[in-house]
Amino acid sequence: MSSTATYDSVKGTFTLTKTDGKESWSGTFPLSQLDSWIDFYRQQQLRYPAHAATYGEDVEALEALAAELRAGG
């Protein structure tokens with residue numbers, strides 16, 4: 001499973017996409033919710049330790065996007 005997060009500056013949204021090579025899921029959210037989604041996936045890691053690595057991919061993708069945006073990207 002892999003996760004990517006992208007930013008749409010025109011719409012002011014970000015999209016988190018998860019794929020396992022066979023299926024994919026994506027959700028698009030207002031940029032103002034980025035920190036909330038990072039927190040959500042961190043909580044999921046704690047609640048479901050057997051799936052912590054999967055949620056970790058989401059956290060990494062979202063944190064990378066947040067860092068890119070803070071750097072002006």
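**Notes on the model**

1. Thr13 stands opposite Pro30 in β3. This pair belongs to the antiparallel pairing of strand β2 (residues 13–19) with strand β3 (residues 24–30), which holds seven bridges. Lys18 faces Trp25 of β3. Strands and helices here are DSSP runs, numbered from the N terminus (strands E, at least two residues; helices H or I, at least four). Two strands are taken to pair if DSSP finds at least two bridges between them.

2. The model is predicted: local features need pLDDT of at least 70, side-chain atom pairs count only at pLDDT 80 or more, and totals for chains, interfaces and linings use all residues. Residues are numbered from 1 along each chain as its sequence is written, and side-chain values use heavy atoms, with hydrogens and water left out.

3. The protein chain contains two helices and three strands. Their order along the sequence is β-β-β-α-α.

4. Strand β1 (residues 2–8) runs antiparallel to β2, and seven bridges join them. Ser2 is placed opposite Thr19 of β2. Both strand pairs are hairpins: four residues lie between β1 and β2, and four lie between β2 and β3. In the β1–β2 turn, Gly12 has a positive phi of about 70°. In the β2–β3 turn, Gly21 has a positive phi of about 95°.

5. How many of the seven residues of β2 are buried? Five are, so β2 is largely enclosed by the rest of the structure. Buried means under 20% relative accessible area, exposed over 50%, and partly exposed in between (1.4 Å probe, protein chains only).

6. Met1 lies in the segment before β1. Its relative accessible area is 48%, so Met1 is classed as partly exposed. Leaving aside residues up to four places away in sequence, Met1 touches Lys18, Thr19, Asp20, Thr54 and Glu57. A contact requires heavy atoms within 4.5 Å. The C-alpha atoms of Met1 and Gly72 are 29 Å apart, with 71 residues of separation along the chain.

7. Tyr55 is part of helix α2 (residues 52–70). Is Tyr55 buried or exposed? Tyr55 counts as buried because its relative accessibility is 18%. Apart from residues up to four places away in sequence, Tyr55 touches Tyr41, Gln44, Gln45 and Tyr48. Between the C-alpha atoms of Tyr55 and Asp39, which are 16 residues apart along the chain, the separation is 11 Å.

8. The C-alpha trace spans about 35 × 25 × 20 Å along its principal axes.

9. Of the 73 residues in the protein chain, 29% are buried. Among contacts between residues at least 6 apart in sequence, 35% join residues at least 24 apart. The protein chain exposes about 4,800 Å², and carbon and sulfur atoms supply 50% of this area. Accessible areas come from the Shrake-Rupley method with a 1.4 Å probe; for residues, only the protein chains shown count as cover.
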